[in-house]
Amino acid sequence: MEPRPDSFSLRARIRSFRFALAGGRLLLVSQHNAWIHALATIAVIVAGLLVRLAVLEWTLLALAIGLVWAMEAVNTAVELLADEITLERRPRIGQAKDVAAFAVLAAAMAAVAVGLLVFLPHFAA
């Protein structure tokens, strides 16, 4: 009996993780802003270790960092898909790219706010 196409397959799950990791590599090698996010992520982790953050503080920072990375990935996916459709300037495609870029900016601003709320009490003491 052949497995149903919608049945669980460990091999398929492993393959999907490989695809996701390949997407992460593409993000890092092709997007300059991802380099900035990587440096900021490292800086936040080092600072958190130095000031010995509490578990809740780490949780908030992990969520903020994850949100920025997720939005950067979605923004890059929108750009890649739009560029696959056409490289000519089209207003609605430009608007879609702008909205996706704003998603990254909004996530980054929220992450900065979380970072300030977490770190300022440690540096003010």
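Colleague: Why does A101 count as partly exposed?

Modeller: The relative accessibility of A101 is 36%. Buried means under 20% relative accessible area, exposed means over 50%, and partly exposed is in between, with a 1.4 Å probe and protein chains only. A101 therefore counts as partly exposed. The residue lies in helix α4, where a helix is a DSSP run of H or I of at least four residues, a strand is a run of E of at least two, and both are numbered from the N terminus. A101 and V74 are 27 residues apart in sequence and 9.1 Å apart in space, C-alpha to C-alpha.

Please note that this is a predicted model, in which local features need pLDDT of at least 70 and side-chain atom pairs count only at pLDDT 80 or more, whereas totals for chains, interfaces and linings use all residues. Residues are numbered from 1 along each chain as its sequence is written, and side-chain values use heavy atoms, with hydrogens and water left out.

Colleague: What makes T41 buried, and which residues does T41 touch?

Modeller: T41, in helix α2, has a relative accessible area of 17% and is therefore buried. Not counting residues up to four places away in sequence, T41 touches I65 and W69; contact means heavy atoms within 4.5 Å.

Colleague: How do you know that R52 is exposed, and what is its phi?

Modeller: R52 has a relative accessibility of 72%, so it counts as exposed. R52 is found in the loop between α2 and α3 and has a positive phi of about 55° although it is not a glycine. Most residues other than glycine have a negative phi.

Colleague: Why are α2 and α4 called roughly parallel?

Modeller: The axes of helix α2 (residues 32-51) and helix α4 (residues 91-124) come within 11 Å and cross at roughly 20°. Axes are lines fitted to C-alpha atoms, for helices over the stretch in contact, and angles run from 0 to 180 degrees between N-to-C directions. Angles under 35 degrees count as roughly parallel, over 145 as roughly antiparallel, 65 to 115 as roughly perpendicular and the rest as oblique. The pair α2 and α4 is therefore roughly parallel. On the α2 side the contact is made by H37, V44, A47, G48 and V51, and on the α4 side by V104, F119, H122 and F123. These comprise six nonpolar, three polar and no charged residues, where Ala, Val, Leu, Ile, Met, Phe, Trp, Tyr, Cys and Pro count as nonpolar, Asp, Glu, Lys and Arg as charged, and the others, Gly among them, as polar.

Colleague: What makes α3 and α4 roughly antiparallel?

Modeller: Helix α3 (residues 55-85) packs with α4 at an angle of about 165°, with the axes 9 Å apart. The two helices are therefore roughly antiparallel. Their contact has 21 nonpolar, three polar and five charged residues.

Colleague: Why is α1 described as roughly perpendicular to α2?

Modeller: Helix α1 (residues 10-30) and α2 pack at an angle of about 100°, with their axes 5 Å apart. That value makes α1 roughly perpendicular to α2. L27, L28, V29 and S30 of α1 meet H32, A34, W35 and A38 of α2 in this contact.

Colleague: Which residues make up the largest nonpolar core?

Modeller: A47, L53, L61, V118 and F119 make up that core, five residues in all. Such a core is a set of buried Ala, Val, Leu, Ile, Met, Phe, Trp, Tyr and Cys residues joined through side-chain atoms within 4.5 Å. Leaving aside its neighbours within four places in sequence, V118 is in contact with L53, E57, L60 and L61.
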